[in-house]
Each structure stands twice: as structure tokens, then as C-alpha cells.
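Let's take a walk through this protein together. Have the sequence and the model at hand as you read.

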Amino acid sequence: MNRHIFVLQQVARRSFSSTTRRQVDNKVPQNQKLFQENNGMPVHLKGGTFDGLLYRTTMALTVVGTGFVVYELVKAAFPKKK
């Protein structure tokens with residue numbers, strides 16, 4: 001039991017240490033330059049093809065959902081006669 005606690009302490013000490021082996025590059029200035037560039041594109045599409053795909057998928061799901069809601073409202077407003 002004590003061995004497990006000791007190992008856990010070592011792992012915690014390593015993961016919160018200030019001397020890390022891998023340094024993460026700061027990409028914020030590059031992204032700021034990309035998104036602040038005045039090229040006529042909307043900001044939600046400046047991220048590339050994945051942003052375009054995500055935008056189109058969101059719009060398609062919105063249109064399908066709106067159509068389904070309208071269909072259900074019409075179906076509820078005009079019930080079938082027996």
C-alpha cells in the first residue's frame with residue numbers, strides 16, 4: 001500500500017515539475033496574424049477546409065431541424081380525421 005502511495009507521489013511530482021521535457025510552442029501570434037488578416041473572408045471560415053466543412057454541416061443540420069419542426073407543427077395543427 002505504501003509503495004503505491006510513493007509511486008503516486010513521484011508521478012505527481014514529475015507531472016507538476018517546472019522543468020518539462022517537451023516545450024510547447026506558442027502559436028497564438030501566428031493564429032492572431034491569420035485571423036486578423038484582411039482578405040475578405042469571414043472569421044469563421046479563416047481556419048481552413050475543416051472550418052468550411054464544419055460550417056456547412058452546421059447549416060445543413062439547422063435547415064433539416066427547422067424543416068422537421070415546421071413539419072411537426074403543421075402535423076399538430078391539422079390532425080388526421082378519422
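**A guided tour**

The protein has three helices and zero strands, where helices (H or I, at least four residues) and strands (E, at least two) are DSSP runs, numbered from the N terminus. This is a predicted model, in which local features need pLDDT of at least 70 and side-chain atom pairs count only at pLDDT 80 or more, while totals for chains, interfaces and linings use all residues. Residues are numbered from 1 along each chain as its sequence is written, and side-chain values use heavy atoms, with hydrogens and water left out.

Of the 82 residues, 2% count as buried (under 20% relative accessible area, with exposed over 50% and partly exposed in between; 1.4 Å probe, protein chains only).

Start in helix α1 (residues 2-15), where F6 is found. F6 counts as partly exposed because its relative accessibility is 45%.

K46 is buried yet has no salt bridge (a side-chain nitrogen of Lys or Arg within 4 Å of a carboxyl oxygen of Asp or Glu). What does the side chain of K46 reach? It reaches the backbone oxygen of F35, at 3.1 Å.

Finally, the unreviewed UniProt entry annotates residues 53-74 as "transmembrane region"; UniProt positions are given in the numbering used here, feature names are shortened, and annotations may be inferred rather than shown by experiment. In the model, residues 53-74 are 100% helix and 0% strand, with their end C-alpha atoms 32 Å apart.

Note on methods:
Lys and Arg count as positive and Asp and Glu as negative; His and the chain ends are not counted. A polar contact is a pair of N or O atoms within 3.5 Å; within protein, one must be able to donate a hydrogen and the other to accept it, and residues adjacent in sequence count only if both atoms are side-chain atoms.
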